[in-house]
Structures are given as C-alpha cells and as structure tokens.
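Please read the following account alongside the sequence and the coordinates.

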Amino acid sequence: MSEYHALASPSSSEMWLNCANSLAMQIGQPEGDTKAADLGSDKHELLALCLEFGKQAIDYEGHILKYGHTVNRELATDVQTVLDSVRDRISAYVLRGARVSVDVEQEVPIEHITGEGNATGRVDIVLRISWPDGSTDADVIDAKFGYTEVLAENNTQGLMYASGVIEKFSLVDEFRNVTFVIEQPLRANSEETYTVSQINEWVEWASPRAAKAILIHKMVGERALKEEDFNPSEKACQWCKAKAVCPALKAELEDMIGRDFETVTPEDVKISAEIIPVDQLGHFFANLELFEDWIKAVRARIEHEVFAGNTVPGVKVVAGKRGNRQWSSDEEAEAM
C-alpha cells in the first residue's frame, strides 16, 4: 500500500470544498495524534487481506499489521462485521442473477475533479454489478471504523470516489447508477444511490472550488490569504490541522459568544439574575461541537509545542501526582 496522498484528497474534501484557504493553512502544521487513524488503517489492511484471499478476520489472529497492531479477537470482530456485510451484499446480487466483479483497494483517478496532476483516491471496495438485462451498476464501499457516525447522503468523499470509479472503468463498463455505501461496525450502515448525471453535475460544481484551494496553496508566500476565502464551520474544520491557529475560526467563535477572547478577564464574568431563554440554548447547542473541537485542537497544539521544547506563554509543565503503586523486585518489573 503506497504512502501517496493527493493534496485535495477525497477524505478531506469537506474541508477544502468549504474553505478555500484550508490547504494553505495546513502547511507546516503538526499531524497531531494519529493513534485512531493508525488503528483504522490496520483494520483496513486486514479487511483487504480477507477479501483478497477469502479468509475470515480471525484467521489472521496474531498477525502484526503495518502500524503495529496485532490481530486479536476484538480487532477481528470489527473487521468481520464489515466482511460479513459485504459478502452478504455480493450474495444478494448473485441470487438476483447478477455477475459481480470485486475490486479491493482500488486507486481511482480524481484529476478530472481537482486538476491536480495524476491525483488519485483509494476506494476500499468496488463492486461492479452486471445485470441480466445488460445494464451495469457499481457499489463504492467505504469502511469507517471510528466512533463518529458518517452518512452517505451528499457525502463529498463518496461522490469523488463514485466519479473516479466511473472514470476508471469507463472503457469497459457504462454504469447506470453508483451507490456509495458506508460500512461502519460501530454504527448503522448508510448508503445513497446516485445516477451518473447527478455525479457529473456535482463534479461541475466541485471542480472550480478544488482548483481555487489548490491555487491558493501553490501561491503561499506570494500572496496573503484573503479573509473571504476562509469559511469556518463544523464540517470544514473537523479534520483541519490548522484549526488551533486559524484566525477565522477564532473570530467565528468570538462572534458566537459575543466577546473577544483576549479581553475577557475573571472580573468581566458577571452572573445575570435572569435565566437564559430556551431559544438561546438551541443556538448554543448547534455550535457546541465546533467549540469542543477547537478546544481539543488548542490543547493538542499546546501539548505538541511544550513537548517539542518550545515555550508557550501562560503554560508551564508540572509533575503529575505521584501514584502509590510500587513493585517489590526491580528485576521482575524490568522483565515485565
């Protein structure tokens, strides 16, 4: 599995489609904690192995995957849930008289969408379904092993994958519909079917936005980022590596609470005798995740800087509370 990753990638499409400055803002920003992503990558590796060699996930128990995770029953169970669902889907098509071609870990072109030379995206599973009447459909299947629910409807990653599949197989298959399927063992699965014309219409809408984000990225150092090219939102900011240092997101959050963060002091905080109207609670609730994501990003960035040996004014490292655990033998502890 290659380490290549397109600049305007399908997985980050919600970000750069909504915020043209996002690709440029991420230059030089730290990756942050990749533990969850690494685990997800290892589960994808196991899924691909099982599909390619016709195995069950538990057959690889004890196998060490690329990012260091050893296949155990818990890891295998998540992957097996997706395997069973995909295999049931294939069997259902066959029972209806279809011939199904299964392509695993497919690199599909996205250059026609983003304009980035030779850019591709990787689709977990592509099912090409040939029906007895001569028509052909495709299922584009993406496995999501995280805790966050992902929906297939209007999913920009799925639409990019679908367009890439149409582009890749256009010489051998003339697809009627493409269904984007999200397999998520920790959540309910989700799927949405698009006609080829719907996908092409979306590509016409997305292409200029991708081109603008890539152009701004290329011109970093030659032109200043423009305020109007920022567009902070929950979807755009969720996976952005720059959100802890983004001036537009900071301004957006300040606007939501009606105060400038830099001018708020403990003396400024007054408790009103009047309760907050319920309709205002709804406004706060709608933006809680954006606040929470920003707070987590700021904490993570400060931690990164401090452990890198950099000074962050107002932050100092202190020793944690000493635990009461101890061992009776240094030799036994070291061996363990």
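**Fold, cavity and selected residues**

In this predicted model, the protein chain has 12 helices and five strands. The chain has 336 residues, and 40% of them count as buried. Its accessible surface comes to about 20500 Å², with 52% of that belonging to carbon and sulfur atoms. Among contacts in the chain with a separation of 6 or more, 66% are between residues 24 or more positions apart.

The average pLDDT of the protein chain is 87, and 84% of the residues score at least 70. Over residues 269-276, the pLDDT is below 50, and this stretch has three contacts in the model beyond near neighbours in sequence. Where pLDDT is low, predicted coordinates should not be read in detail.

I214 has 6% relative accessibility and counts as buried, because the cut-off for buried is under 20%. Leaving aside residues up to four places away in sequence, I214 touches L7, A8, L23, T114 and E116. N21 is 193 residues from I214 in sequence, yet their C-alpha atoms are 8.9 Å apart in space.

The structure holds one cavity of 30 Å³ or more. The volume of the largest cavity is about 100 Å³. Its lining consists of 16 residues, and those nearest the centre are C19, S22, C237, C240 and C246. Helices α2 (22-25), α8 (234-237) and α9 (247-257) each supply at least two residues of this lining. By class, the lining has 12 nonpolar residues, three polar and one charged.

Phi of E105 is near 50°, a positive value in a residue other than glycine. E105 is found in strand β1, which spans residues 99-109. Is E105 buried or exposed? With a relative accessible area of 17%, E105 is buried, since that value falls under the 20% cut-off.

N154 also is not a glycine and has a positive phi, of about 55°. Where does N154 lie? N154 is in the loop between β3 (136-143) and α6 (156-168). The relative accessibility of N154 is 53%, so N154 counts as exposed, the cut-off for which is over 50%. Taken together, E105 is a buried residue in a strand, whereas N154 is an exposed residue in a loop.

How values were computed:
Residues numbered from 1 in each chain as written. Predicted model: local features only at pLDDT ≥ 70, side-chain atom pairs only at ≥ 80, totals over all residues. Heavy atoms only, no water. Helix = DSSP H or I, 4+ residues; strand = E, 2+ residues; numbered from the N terminus. Buried < 20%, exposed > 50% of the residue type's maximum accessible area, 1.4 Å probe, protein only. Contact = heavy atoms within 4.5 Å. Areas by Shrake-Rupley, 256 points an atom, 1.4 Å probe, with all protein chains shown as cover. 1 Å grid on protein atoms, 1.4 Å probe; cavity = no way out; pocket = protein on both sides within 12 Å on 5 of 7 lines; lining within 4 Å. Points joined across faces, edges and corners; volume = space filled by probe spheres on them. Nonpolar A, V, L, I, M, F, W, Y, C, P; charged D, E, K, R; others polar. pLDDT = per-residue confidence, 0-100.
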